[in-house]
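This report goes through salt bridges, strand pairing, surface patches and backbone angles in turn. The sequence and the structure are shown first.

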Amino acid sequence: MMDGIDYLVVGSGSAGAALAGRLSEDPTRKVELLEAGPDFATVAETPSDLLDGSAMSMDLHDWHFKAEITDHRRIIYPRGKVTGGSSAVGATIALRGTPENFTEWAALGNPAWAWDQVLPFYKRLEDDLDFENEYHSKGGPIPIRRWKADELAPVQQVFHDACVKAGFPDVEDHNHPQASGVGPVPSNRRDARTRWSTAMGYLHPARGRENLEIRSGVQVNRVLFSGTRATGVEVVRDGGGTEVIEARHVILSAGAVSSPAILMRSGIGPAADLRRLGIEVLLDRPGVGATVIDHPRTGVFMVPKAGTFNPEDAFLQTIVRTTAPGSSEFNDLQYYMINHFDLSLFPELQMLAAAKTIFGVMVVHQRPESRGRLTFTSADPGTPPDIDLNFLATERDVRTLVDAVRTCWQLMQTAGIQDRGERFIVLGEEMVEDDEIMGHYVRLSLDSGYHPVGTARMGAEDDEGAVVDERLRVYGTEGLYVCDASVMPSIVNCNTNLTSIMIGERLADWFTRS
């Protein structure tokens, strides 16, 4: 155990690993990184489910959370429980938010997060294998590459051509700030196969540093305080027993579900909820867990004919980013061609499909109006909060997805796509034309993008729903920070991994300059 820890980072996911890796570059700063899950020190030791970028790992290294999605329906809600966090188990989609997202963040009381302020940190994290220009850099910890034409599954090229024919512009670089249209997915990989997590990008090169300690198998119960100054944390070790770890700065990077849970157990949250759980109130912060924002997804799917897909192919490779008709939100929809998707963890969908594998066109709504919340039911760190996503709470959200599913249906009619399937799942031509039936279909088929944000959001001091200021300091405390997707004041119109890494880079830079 190191003496005199300067920075204690709780959680080694997308943001936490980046933060700890950067902070430990200064040999005069002692950094300790805590992870509840396992740690794999080398690529050779890393299990195959974490290395295989062709499929998400949603079971072996997971917290096994559940979420209520809509109409009291519960779904699995994967979050990575391993060094690298969800960057180690996700779909390797390396997309950035757009300038419009960060204009909104700035307007919500966070001017330090305007586009021109965050772009340097998006660039700092990347080793872009395809572009080097005013928007891209080489040499960063996270390799980003785009699928080459000869790497695409045959159906992906058919999908691409169908989208161009339908009027979507051809896009080479979806991370260009004005890009909108169809093109290859940017992916956090150095080759066509291997998922490159923040554990690999930031922690593997840092492991020889004497000023960095990485501890796995320890779950943080609560932050400890002297008055309102954070002095360390109480942890629960695998196998039982507790331990106190002291530090000058405590940074919660445990993710949008677990960071607010730690705040609550520490006495920071809605006072009435804290008292109901028997937790002494340190600070009444009603914004802790009060808002969950996520990306709802659905689509049109078929059962594939035998021999029409290669299960070794990545399950998605091409993306459309576009603005919904009549919307003022730039790029508020994503469409993907799914090569294949294993339903082993989705028994209800298996029953509907009467098959174990499906393929099709998926749509993800990037800027929903609906908001959910976390409800804390116990002060026991082994009890997760209830996650209510509250999808489709507004008529606009329903209408957006109904119209988008009709676009999925049209794309699925393409020769070279439809003829690969035996049958459509649930949908038929007459159903697609009926608004009421389509509304039911969207609710039945709905799932999550697994991108929770906003559960401890940043904002101005006079915003009672804000939990941290724009420098990620928890209001009303000293020495306590939150650094992960929890702090996003609104959701970016893309997958959240790259933005979470950027948040870690941003806070590391502030600490380095202090």
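## Salt bridges

Arginine 473 counts as partly exposed because its relative accessibility is 39%. Its side chain forms a salt bridge with aspartate 469, with 2.7 Å between the closest N and O atoms. Aspartate 469 is buried, since its relative accessible area is 13%, and the cut-off for buried is under 20%. The model is predicted, and these values are computed from it.

In total the structure holds 34 salt bridges. One of them joins the side chains of arginine 22 and glutamate 505, at 2.9 Å from N to O. This pair links distant parts of the chain: arginine 22 belongs to helix H1 (residues 14-23) and glutamate 505 to helix H13 (residues 497-513), 483 residues apart. Both arginine 22 and glutamate 505 are buried.

Another salt bridge is formed by aspartate 52 and arginine 193.

| Pair | N to O distance |
|---|---|
| Arginine 473 and aspartate 469 | 2.7 Å |
| Arginine 22 and glutamate 505 | 2.9 Å |
| Aspartate 52 and arginine 193 | 3.4 Å |

Salt bridges also link Asp128, Asp130, Arg146, Lys148 and Asp173 in a network.

## Strands

Strand E17 (residues 316-322) is mostly covered, with 7 of its 7 residues buried. E17 runs antiparallel to strand E7 (residues 181-184), and 4 bridges join the two. In this pairing proline 184 stands opposite threonine 318 of E17. E17 is also joined to strand E18 (residues 333-342) by 5 bridges, again in the antiparallel sense. Valine 320 stands opposite tyrosine 335 of E18.

An open sheet of 3 strands has the order E5-E6-E8, with mixed pairing. Strand E5 (126-128) and strand E8 (186-187) each have a single partner strand and stand at the edges, so one side of each has no neighbour in the sheet. E5 pairs with strand E6 (residues 142-146) in the parallel sense over 3 bridges. Within this pair, glutamate 126 stands opposite isoleucine 142 of E6.

## Surface patches

Negative charge gathers on the surface in a patch made of Glu429, Glu430, Glu433, Asp434 and Glu436. Glutamate 433 is placed in the loop between helix H11 (429-432) and helix H12 (435-445). Its relative accessibility of 60% makes glutamate 433 exposed.

A nonpolar surface patch is formed by Leu352, Val426 and Leu444, which together have about 220 Å² of accessible area. Leucine 444 is in helix H12 and counts as partly exposed at 41% relative accessibility.

## Positive phi angles

Histidine 72 is not a glycine, yet has a positive phi of about 65°. The loop between strand E3 (65-70) and strand E4 (73-77) contains histidine 72. With a relative accessible area of 68%, histidine 72 is exposed.

Alanine 354 is not a glycine either, and its phi is positive at about 55°. Alanine 354 is in the loop between helix H9 (347-353) and strand E19 (357-365). A relative accessible area of 59% makes alanine 354 exposed.

Key: Residues are numbered from 1 along each chain as its sequence is written. This is a predicted model: local features need pLDDT of at least 70, side-chain atom pairs count only at pLDDT 80 or more; totals for chains, interfaces and linings use all residues. Side-chain values use heavy atoms; hydrogens and water are left out. Patches are made of residues with over 30% relative accessible area and no salt bridge: like charges are joined within 9 Å, nonpolar side chains (Val, Leu, Ile, Met, Phe, Trp, Tyr) within 5 Å. Accessible areas come from the Shrake-Rupley method with a 1.4 Å probe; for residues, only the protein chains shown count as cover. A salt bridge is a side-chain nitrogen of Lys or Arg within 4 Å of a carboxyl oxygen of Asp or Glu. Lys and Arg count as positive and Asp and Glu as negative; His and the chain ends are not counted. The place of a charge is taken as NZ of Lys, CZ of Arg, CG of Asp or CD of Glu. Buried means under 20% relative accessible area, exposed over 50%, partly exposed in between (1.4 Å probe, protein chains only). Two strands pair if DSSP finds at least two bridges between them.
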